[in-house]
Structures are given as C-alpha cells and as structure tokens.
Amino acid sequence: MLKGTKVGLRARHEDDIPILQAELYDDAVTHSRAQGSPWRPFTPGSKHSPVMVNDTDQGIASFSVVELDGGTLVGTATLWGIDTHNRSAHIGLGLLPSARGKGYGTDVVAVLCHYGFVVRGLHRLQIETLADNAAMLRSAERNGFVREGVLRSSSWVLGEFLDEVLLGLLAEDWKPAARS
Ligand SMILES: CC(C)(COP(=O)(O)OP(=O)(O)OC[C@H]1O[C@@H](n2cnc3c(N)ncnc32)[C@H](O)[C@@H]1OP(=O)(O)O)[C@@H](O)C(=O)NCCC(=O)NCCS
C-alpha cells in the first residue's frame, strides 16, 4: 500500500467492486462529468464492469483508495496513459460522495505523484478536468500542478460541450509532502 497523510492506495479487491459500481460508477452524472466517456448501465457482478481492473494492461495502474484510519474504501485512483518513452502519464480519481470535501482528493493526488515520479521514474504528469470542477482543480494545484491551457468545448457532457483545463507537473518542480 502507498500511504499519504489521510488515505492509502492499494490494489483493487473483489469486495470493492460492488461498492464502487453502486456508489461511484452508477451515478451517471458524476461519471459523465469525470470520465469523458458515455455512461451505460452494467449488471451487478458483470465481469465487464468498468470498475474491474485489467492487471495485464501495462499502460495503466489502478488503485482503490482507503482511509488510513480504519481502512474503509473511499474511491479509485488511476495513473493512465503511462508512456515509458516520453516518461509521462495522466492522473484520474473519483471519491465516493460521502468521502468528498475532506482533503482526501488532495492527498490522493500527492500519492499518485509519488507513485508516478518516484516509483515509476516518470518526468511529467498531466490532469484534464472540466473547467468548473473546482475541487479537482484545487486538489491538483495544491500539489503543484499548473494550468497549461484550456481545451475549448472538448468534452460532451449531458447535452452540451464543456471546456476542460489541462494541468501539468514536471518531476523537477514537484515538492513532495511529508509522508507517513
Ligand atoms: C474531485 C475530487 C477527487 C476532489 O477530491 P475532494 O476530496 O473532494 O477534494 P479536497 O477535499 O481535497 O478539496 C480540495 C480543495 O477543493 C476545495 N473544494 C472541495 N470541494 C469543493 C467544491 N465542491 N467546490 C469548491 N471547492 C471545493 C476544498 O476546499 C479544497 O481547497 P483548499 O485546499 O483550499 O482547502 C472529488 O470531489 C470527487 O471525487 N469528485 C467526483 C469525481 C470527479 O470529479 N473526479 C475528477 C475527475 S477529473
């Protein structure tokens, strides 16, 4: 497990799947805003559920997020698009509704930076998020990500095109937080 100050990132467990599917994936609005892909229903227990992890895909590292205090599952964290030539990757995360606004998102980004820069030796991490996702923008900026541009009308979200903000962080600019 990789530890931050409030949350830990560990492998996806089978018991996590129904909780993540019901409390995170099945919220079509949050999915549509966060994922940039069309939401569609999945039968509980489906082996094709998007919250299942494909361990053979080298381009992605998928974690479940748990509270350090007690180990309760609170969400997902992903390093995706891992490019070992350009040494870059993208960050994605989603917290269960009850876990939002407690500083966990900021901590997840910090742990993913440690994973990307220290464990994987990457040089650049990138985040794309909707321009009105204040909590995600703040979680990224608190970890040193800088806004590099606006992708105008890049995301089709529930009937309209919305802007995304692209944020980047380079290894040499990263200031790791104190870790437990
Ligand atoms: C986006 C998300 C990961 C952020 O995690 P979080 O734990 O809620 O965020 P934090 O508690 O760490 O808050 C980070 C900052 O944003 C602020 N913030 C939190 N929720 C906010 C909100 N709804 N509106 C405005 N600011 C907010 C906090 O005050 C904090 O600012 P501070 O550092 O100045 O105190 C989480 O809200 C989430 O999972 N949302 C749904 C899925 C999603 O949008 N994922 C991202 C897709 S790119």
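Guide: Let us begin with burial. A residue counts as buried if 20 or more other C-beta atoms lie within 10 Å of its own, and as exposed if 12 or fewer do. Please bear in mind that this is a predicted model.

Visitor: How many of the twelve residues of strand β7 are buried?

Guide: The number is zero for β7, residues 146-157, so this strand lies largely in the open.

Visitor: Which strand is joined to β7, and by how many bridges?

Guide: The partner is β8, residues 160-170; the two strands run antiparallel and are joined by eight bridges.

Visitor: Which elements supply at least two residues each to the shell around the ligand?

Guide: They are α2 (28-35), β5 (88-95), α3 (104-119) and α4 (134-141). The largest share, five residues, comes from α4. In total 20 residues surround the ligand, the closest being G105, T106, A134, A135 and R138.

Visitor: What is the make-up of that shell by class?

Guide: Seven of its residues are nonpolar, nine polar and four charged.

Visitor: Which residues does the UniProt domain annotation cover?

Guide: The unreviewed UniProt entry annotates residues 7-172 as "domain: N-acetyltransferase". Over that span the chain is 25% helix and 36% strand, with its end C-alpha atoms 25 Å apart.

How values were computed
Residues numbered from 1 in each chain as written. Predicted model: local features only at pLDDT ≥ 70, side-chain atom pairs only at ≥ 80, totals over all residues. Near = placed C-beta within 6 Å. Helix = DSSP H or I, 4+ residues; strand = E, 2+ residues; numbered from the N terminus. Nonpolar A, V, L, I, M, F, W, Y, C, P; charged D, E, K, R; others polar. Pairing = 2+ DSSP bridges. UniProt positions renumbered as here; feature names shortened; annotations may be inferred.
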